[in-house]
Amino acid sequence: MWTCPRCARRFRQTNQRHACGTGDREALLKNKAPELIRLYGRLEATAKRWDGVEVVTRDRYVLFRTTRIFADMTFMRGALRLVV
């Protein structure tokens, strides 16, 4: 395991390319439909119950990872697209 000296995130590969930090949840949810925010909240809460899961947000994308990404989610106009 390698820990980034700047953001303290852990990765399997030494010097893993990444954007430091885990993003801004509030920015992710801004201007999204309330029903999608509720659905995402339930998904996020479920994933965070599992030991070691990190949630990384970027723009309209969310990555769920431990030492590897195991799922990604995209906010669509009227839906959430989840890929496991």
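1. A quick definition to start: a residue is buried when its relative accessible area is under 20%, exposed when over 50%, and partly exposed in between (1.4 Å probe, protein chains only). Please keep in mind that this is a predicted model, where local features need pLDDT of at least 70, side-chain atom pairs count only at pLDDT 80 or more, and totals for chains, interfaces and linings use all residues. Residues are numbered from 1 along each chain as its sequence is written, and side-chain values use heavy atoms, leaving out hydrogens and water.

2. Helix α2 covers residues 34–49; helices here are DSSP runs (H or I, at least four residues), as are strands (E, at least two), numbered from the N terminus. Its buried residues are Leu36, Tyr40, Gly41, Glu44 and Ala47.

3. Tyr40 belongs to α2 and counts as buried because its relative accessibility is 0%. Beyond its neighbours within four places in sequence, Tyr40 has contacts (heavy atoms within 4.5 Å) that include Leu28, Val55, Phe64 and Leu80.

4. Do have a look at Arg65, in strand β4 (residues 61–65). At 5% relative accessibility, Arg65 counts as buried. Its side chain makes a 2.4 Å polar contact with that of Glu54; such a contact is a pair of N or O atoms within 3.5 Å and, within protein, one must be able to donate a hydrogen and the other to accept it, with residues adjacent in sequence counting only if both atoms are side-chain atoms.

Technical notes
Expected span 1.5 Å × (residues − 1).
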